[in-house]
Amino acid sequence: MVDDIIRTDSMKVDRPTRTFIQSQIYYIKLIYKKHPILFLFFIFFTALSSLISPMTLYLNKETVDILTSFATTNESSQMTWLMILLCCTYILGFLSSYFKEFNEYTFQKIMYSVSYVMKLLLFSKLLQLSIERFEDSSFHDKLKLAQLSLNSGVRVVQTLINLIGVVFSIFGIIGVLLTFHWSLPMTLLLSTLPGITIMFIVKLKGYKAENKASQFEREMYFTEGLFSQKSALKEIKIYNTQQYLMGKWKKLFNTVTELRLKVARWDLRYKSLSLIVLQGAQFGVSLYLVSLVVGAQLSIGSYVALLSSSVMIQGLFGQIGMHMSSLFETAVYNNALLSLIQDAHDDRNDGTYQIRRIESIEMKNVYFSYPNSDVSVLKDISLKIKRGDKISIVGRNGSGKTTLAYCLLGLYRLNAGKLTVNGLDISLLNMESYYNRIAVVFQDFIRYKYSIRENIAFGNLEYLENDKEIYKILDRIELKNKVMDYPGKLETILSKEFMNGTELSGGEWQRIALGRALIKNADVVILDEPTAALDPISELKIFELFHKLYSDKTTISISHRIGPTRLSDLIIVMDDGRIVEQGTFDELMNMRGYYYNMYEAQGKWYKANAVDYPVII
Ligand SMILES: Nc1ncnc2c1ncn2[C@@H]1O[C@H](COP(=O)(O)OP(=O)(O)O)[C@@H](O)[C@H]1O
Ligand SMILES: [Mg+2]
């Protein structure tokens, strides 16, 4: 089903013109809905601006004609007319600049609110998609493109309207020239088109080369970013990769520079060519026009107007090229964004049955492989968790423990087998009610760069303003005293990137995560082993705290170390996606099988490090 959606989406992207038009319509409708008056103003002023070039042209011609006749007749009435013309020319010049500024401001205002709406739509969509979607690399590609469009996507509408304005201007100029002499528009096109065509081709090629450079540029920016990130610098120092990374950066920088210069050189060559063609054609046209002027078929004003109009037309065509390339570039991003937002598929496969209390969770012959992967990560898993059980899942790294937790949560669909909660198939459940009753400390839990208050209360937002409850939790996770010592108390931000922020150790963060789960007051709590590579002793302490905190709950604790398993009643041993043994500690030890061997291997470590762990066995 998910695959179907992704396939239809990419089909849509394959028809760029259709989606391009659709996205224009979408944005125009959106802008119109949000800012009808501003948008109309924008169009109106763009239309007015487009008339300015032809009007200036007309004024210039008239001015020159009056000036030439003035030299011979010296009529004073013409002087007034001349003044009016000059004033008009300057007013037009001012208006042209003003309209441009005004339009830019108007559009910024439009842009902010459209970007707000688009972000809102995208984020709500992302929050609602199933985790499975994020396993798909083509989804991520699309998402990256969509994010590029979030801030400036609406510019396509501005560009399109400007483009239409430019075309209007060109027609306006042609129209004005036509009133001077029938042959002028043709001579204008003859003199400018060949050169402009060459320029266009150059631009197109340059755009492609630019794309190539930008790939290297992205890699260069990523590398540059590493040099200013604390997390990256730590690793760079430890692994001694400074020299290598510097070398890599130099190479990238030089490659980017080389590619850009190549484009520039090439641009220069072809631009020179197009200029020769342009000038040559204009030379021919000038000769023709001079002959018209000499034959009194054309006024000097018209002659001058035509020359200046060819400069105008070149500028306008240049703008068309610029607008077109930005239009197509942004359109690709916008299509990605719209196809994400408009994707009607609702991933929530919610049933209606409300879970009030989790009595049991059961898996029967479950098989699972991650989306877009053939490898079975869980194989024939059957287990039953009853209210009050204390279960440990133990197994090597990669044996499928975390995946099993994900599947118990119903985050992924199973390939085969059954998952039931309180005896009901997971598909019948209202997932929100299930999630309300289950808490998880994920291996990669979120370290919010927010206040301590929020970091705890995100487990249960009802308590966000309840200082007493939050302090109670902090006390239980043994962080209260520490927090009391911070000047900002509960408002202290957990990152030094912020004023008065602080940083916690791996173990302290892990306790925050436990607190977040604790405040939720769920029926079942899952603790996945800390990946932040806590040493075995700190890890053991976390597991001990976990069991102390949740002594009255159903608990599932996951670890690849046997130490923590001693704290549970039922131990499930996993290897290569299968449950290979399960039982109490004594039962497993008596089996002298997989668990026993693990114990023999790891137990030595605890003994050698004189941890009292073997004693509690
Ligand atoms: N998102 C994923 N897509 C594909 N394979 C995955 C994904 N996550 C984990 N795996 C694979 O599934 C197997 C089990 O992983 P995991 O459940 O994380 O193991 P454990 O928690 O026991 O260390 C591993 O072989 C891992 O490579
Ligand atoms: Mg894991």
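Colleague: How do you know whether Gln158 is buried or exposed?

Modeller: Gln158 has a relative accessible area of 7%. Buried means under 20%, exposed means over 50%, and partly exposed is in between, with a 1.4 Å probe and only the protein chains counted. So Gln158 is buried, as 7% is under 20%. Bear in mind that this is a predicted model: local features need pLDDT of at least 70, side-chain atom pairs count only at pLDDT 80 or more, while totals for chains, interfaces and linings use all residues. As for bookkeeping, residues are numbered from 1 along each chain as its sequence is written, chains are lettered from A and ligands numbered from 1 in the order in which they are written, and side-chain values use heavy atoms, with hydrogens and water left out.

Colleague: Where does Gln158 lie, and which residues does Gln158 touch?

Modeller: Gln158 is part of helix H6, residues 155-180. Helices are DSSP runs of H or I with at least four residues, strands are E runs of at least two, and both are numbered from the N terminus. Leaving out residues up to four places away in sequence, Gln158 touches Phe42, Glu104 and Phe107; a contact means heavy atoms within 4.5 Å.

Colleague: What makes the pair Gln158 and Arg155 a polar contact?

Modeller: Their side chains meet at 2.5 Å. A polar contact is a pair of N or O atoms within 3.5 Å; within protein, one must be able to donate a hydrogen and the other to accept it, and residues adjacent in sequence count only if both atoms are side-chain atoms.

Colleague: Why is Ser272 called partly exposed, and why is Asp586 called exposed?

Modeller: Ser272 has 32% relative accessibility, so it falls between 20% and 50%. Asp586, at 52%, is over 50% and therefore counts as exposed. Asp586 belongs to helix H18, residues 585-591.

Colleague: Which residues are around ligand 1?

Modeller: Among them are Glu135, Tyr370, Lys401 and Thr403. To be near, a residue needs a heavy atom within 4 Å of the ligand. An oxygen atom of ligand 1 is 2.4 Å from an N or O atom in the side chain of Thr403. Alone, ligand 1 exposes 560 Å², and the protein buries 62% of that; these areas come from the Shrake-Rupley method with a 1.4 Å probe.

Colleague: How do you know what pLDDT the protein averages?

Modeller: pLDDT is the predictor's confidence in each residue, from 0 to 100. The protein averages 84, and 92% of the residues score at least 70. Over residues 1-14, though, pLDDT stays under 50, and residues 613-617 also stay under 50.
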